[in-house]
Amino acid sequence: MTVLVHTVIDSPLGPLTAVAEEESGALTGLYFARHLRMPPPEALGRRVSTGFVAVRGQLAEYFSGERTRFDLPLAPRGNAFQLKVWRLLERIPYGQRRSYGQLARELGDVSLAQAVGSANARNPISVIVPCHRVVGADGSLTGYAGGLARKRFLLELEEPAADRAARLF
């Protein structure tokens, strides 16, 4: 049986709860405060104050604009379809967005857009597995387990400087 541990990491978006396998250190979850579908506290394992050095460091680099790609061992828990969608999310480049339909097309069946949305909503590793980069077909912001204000913050953080400069507001 895999033993989990967790810690809380400060971020510009408030505290993030990081959950990992104790032995391997592979990250299984990264959750915002008041995260939709966050596991119950007893499922997070015991809280630790040490470890998570790479997670803390890479998140700090990301939020300061120095990191555009994470290099951490990940072990998200989900069914086969969810895992396939989450792997697609990891391939969305920093500063870019995809629609649910585009991801469904990459899976070979555009009719899977709604299922892709459901899997995206259940991504347990926020920020690092960038489900925030998925938007509606018209480019609109759609649901986010951490809340739309956080999604907007992350997308603006990743927005290319030229695009940011071209925006009036």
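Biologist: What pattern does the protein follow, read along the sequence?
Modeller: One caveat before that: this is a predicted model. The order of elements is β-β-β-β-α-α-β-α-α-β-α-α. That makes 6 helices and 6 strands.

Biologist: And how compact is the protein for its length?
Modeller: The radius of gyration is 16 Å, close to the 15 Å that the globule rule gives for 169 residues, so the protein is as compact as a globular protein of that length. The C-alpha trace spans about 45 × 35 × 25 Å along its principal axes.

Biologist: What share of the residues is buried?
Modeller: Buried residues account for 42% of the 169.

Biologist: How far apart are the mean positions of the positive and negative charges?
Modeller: They are 4 Å apart. The count is 21 positive and 16 negative charges.

Biologist: On to the sheet. What is the strand order in the open sheet of 4 strands?
Modeller: The order is S3-S2-S1-S4, with mixed pairing. S3 and strand S4 (46-47) are the edge strands, each pairing on one side only.

Biologist: Remind me, how do strands of a sheet pair?
Modeller: Through backbone hydrogen bonds, either parallel or antiparallel.

Biologist: Then which sense do S1 and S2 take, parallel or antiparallel?
Modeller: Antiparallel, over 6 bridges, with S1 covering residues 4-9. In that pairing, His6 stands opposite Val19. Ile9 has Leu16 as its bridge partner in S2.

Biologist: How many residues sit between the strands in that S1 and S2 hairpin?
Modeller: The hairpin has 6 residues between the strands. Gly14 takes a positive phi there, near 95 degrees.

Biologist: What about S2 and S3, how many bridges join them?
Modeller: There are 5 bridges, and the two strands run antiparallel. Leu16 shows up again here, with Phe32 as its bridge partner in S3. This hairpin has 5 residues between the strands, and Gly25 has a positive phi near 80 degrees.

Biologist: Is S2 mostly covered or mostly open, and how many of its residues are buried?
Modeller: Mostly covered, with 6 of its 6 residues buried. Both faces are covered. Leu16, Ala18 and Ala20 are on one side, while Thr17, Val19 and Glu21 are on the other.

Biologist: Let's zoom in on Ala18. Why does Ala18 count as buried?
Modeller: Ala18 counts as buried because its relative accessible area is 0%, and the cut-off is under 20%. Ala18 lies in strand S2.

Biologist: Which residues is Ala18 in contact with, leaving aside its neighbours within four places in sequence?
Modeller: Val5, His6, Thr7, Ile9, Leu27, Gly29, Leu30, Phe52 and Val55.

Biologist: How far is Ala18 from Ser111 in space?
Modeller: It's 34 Å, C-alpha to C-alpha. Along the sequence, Ala18 and Ser111 are 93 residues apart.

Biologist: Switching to Leu4. Which strand is Leu4 in?
Modeller: Leu4 is in strand S1. Leu4 is buried, because its relative accessibility is 14%.

Biologist: What separates the C-alpha atoms of Leu4 and Ala20?
Modeller: The separation is 5.5 Å, although the two are 16 residues apart along the chain.

Biologist: What else does Leu4 touch, not counting residues up to four places away in sequence?
Modeller: Besides Ala20, Leu4 touches several residues, among them Val19, Glu21, Thr28, Leu44, Arg46 and Arg77.

Biologist: Now a helix. Where is Asn120?
Modeller: Asn120 is in helix H4, residues 113-121.

Biologist: Buried or exposed, that Asn120?
Modeller: Buried, because the relative accessible area of Asn120 is 5%.

Biologist: What is Asn120 in contact with, beyond its neighbours within four places in sequence?
Modeller: Val85, Trp86, Leu89, Tyr100, Cys131 and Val134.

Biologist: Last one. For contacts between residues at least 6 apart in sequence, what share joins residues at least 24 apart?
Modeller: In the protein, 58% of those contacts do.

Conventions: Residues are numbered from 1 along each chain as its sequence is written. This is a predicted model: local features need pLDDT of at least 70, side-chain atom pairs count only at pLDDT 80 or more; totals for chains, interfaces and linings use all residues. Side-chain values use heavy atoms; hydrogens and water are left out. The radius of gyration is taken over C-alpha atoms; the globule rule is 2.2 Å times the number of residues to the power 0.38. Buried means under 20% relative accessible area, exposed over 50%, partly exposed in between (1.4 Å probe, protein chains only). Contact means heavy atoms within 4.5 Å. Lys and Arg count as positive and Asp and Glu as negative; His and the chain ends are not counted. The place of a charge is taken as NZ of Lys, CZ of Arg, CG of Asp or CD of Glu. Two strands pair if DSSP finds at least two bridges between them.
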